[in-house]
Amino acid sequence: MQDDIAEIFKNASGRVIASLYAQIQDFELIEDAVQDAFVIAITQWQETSIPENPSAWISVVARRKALDKIRRNQTYVRKLEKLHDLSVMTYTDDEFSLNPITDERLKLMFMCCHPALAKEAQVALTLRTFGGLSTEDIAKAFLVPVPTMAQRLVRAKRKIRDAGIPFRIPEPKSIASRVDAILAVMYLIYNAGYTAHTGNQLMRQDVSAEAIRLTRLLYNLLHREKIDFAIPEVMGLLALMLLNDSRAPARIDAQGNLIPLEEQNRMLWHQDKIREGQQLLEQALQMKQTGVYQLQAIISALHAEATHSEDTDWEQISVVYSLLEQMMPSPVVQLNRIVAVAMTKGAEQGLALLDKLENDSKLAHYYLFHATCADLHRRLHNWQRAITYYQQAIEFCTNDAERRYLNNRLAEMQTYLSP
Amino acid sequence: MKYVLLIYVDEAVIKGLSEEDRAAYFQQWGEYEGHVQATGMKTGGEPLQPIGTATSVRVRDEENLITDGPFAETKEQLAGFYVLECENLDQALEYAAKMPDAKYGTIEVRPVFQKY
């Protein structure tokens, strides 16, 4: 029952906060009230049973709690006029099921991911509001102290209130860019879970799973509002997450070391996630509005389709990377394209392309540049040069698991050199 | 809600505009001013004299310290401000983006402190 209740809270949180926000525009007040309602629910439901419509139940209790707080708080006295319709409402148990709360979660998502908030605040607020994670969990996932994360959340909520960040679906002309902002938040959340930040394996999976859950929710909400033109990229991102996530069981060995794609045991890949990712991608591509997430999902799908790493269609992957580079010029994309070229035309070709980039100041301190050079030299058995590049890569790498991987490679190279 | 839109721009950039860009700049400001007045959104605002006219005052130990120049020595300086009545931040941001100076400098949007 404890687990059931936890699951209910996770799903109810966004829904209840959104429905209350439509009536009381005070985030902090609402969140406190919802927390209170959860506490009451835990005790009551364990004594009786879980009500038929738990979201409505929590919403009603939270609304009462919010009202109590408003009444107690003198500075809110003048706002009471606004709350007239709230205060005259009374509820009976029947009404919980007769008056299902309206779903305002899309507005809440647009508000939490408003570009006037700092990106890290958007991420924190989205995770906190939509329920899955506590402030402590979020702080851990993003490697900041808990008080810092708590402060970040408080500031964001105050800015929403004091700067008048609206709770609404944006005007049609800005919906596309605002959906992009939400997707960026979802992808940041996903990557915080996917990248091996901490030693806590379970934590990482929770965060990634939460990103997938929220992207799915966004997809459903946009679909219901018939905001169809924004959907292909949402599906693209969802597909990308599922496809990447399918490899999670094969990415890390028992000692917590990273295993590169090429050496992963492909039998461990989640076939369900691959299938769902492929289907979503198919549907998205049929809508013929390509975007950066769909392109990245295509690349991930091409990897997923190869039963053995030798079967990987590097030719197609390098073509898709070229398209991606046009849409989203970035050193990471550039490097990945060069890797794909190296896999089809040989490591020498790849190194020739990398040589041209060597003087790019943006790349000089970027560990993946050096790691890519090292890897191509390794493939050519240029052990000494590979060692030099691995050493540089290690110097610039900030991620523990990735650095461990590079150190292992370095040690391997050194064994080839010694007689 | 009431918002103050603070216009920060490098005076040299505006001075250096081509004849054509300059004409467009002033025409757009004229249209903007007309629009915010006609819609009743404008509740205040003025363009300011160039930064060379700025004087800063600080009172320390009950003494007035007066210095020539602006508070902060940055390239972009406060050139003027508007006070607009807007529905929400989105509308205020939209009206900030419409200001001709947004193309050359930065518009800072600040909500006015609300007294309950």
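How many helices and how many strands make up the secondary structure of chain A?

## Chain A

In this predicted model, the secondary structure of chain A consists of 22 helices and zero strands.

Chain A has 419 residues, and 41% of them count as buried.

## A hairpin in chain B

In chain B, strand S3 covers residues 55-60 and strand S4 covers residues 63-68. The two strands of chain B pair in the antiparallel sense, over six bridges, and within this pairing B:Val57 stands opposite B:Ile66, which belongs to S4(B).

Together S3(B) and S4(B) form a hairpin with two residues between them, and B:Asp61, which is in the turn, has a positive phi of about 50 degrees.

Is strand S4 of chain B buried or largely in the open? A residue is buried if 20 or more other C-beta atoms lie within 10 Å of its own, and the number of buried residues among the six of S4(B) is zero, so this strand lies largely in the open.

## Where the chains touch

The contact between the chains takes nine residues from chain A and six residues from chain B. Sorted by class, the side of chain A that touches chain B has five nonpolar, two polar and two charged residues.

Terms used. Residues are numbered from 1 along each chain as its sequence is written. Chains are lettered from A and ligands numbered from 1 in the order in which they are written. This is a predicted model: local features need pLDDT of at least 70, side-chain atom pairs count only at pLDDT 80 or more; totals for chains, interfaces and linings use all residues. A residue is buried if 20 or more other C-beta atoms lie within 10 Å of its own, exposed if 12 or fewer, and partly exposed in between; C-beta atoms are placed from the backbone. Helices (H or I, at least four residues) and strands (E, at least two) are DSSP runs, numbered from the N terminus. Two strands pair if DSSP finds at least two bridges between them. Two residues are in contact if their C-beta atoms, placed from the backbone, lie within 7 Å. Ala, Val, Leu, Ile, Met, Phe, Trp, Tyr, Cys and Pro count as nonpolar, Asp, Glu, Lys and Arg as charged, and the others, Gly among them, as polar.
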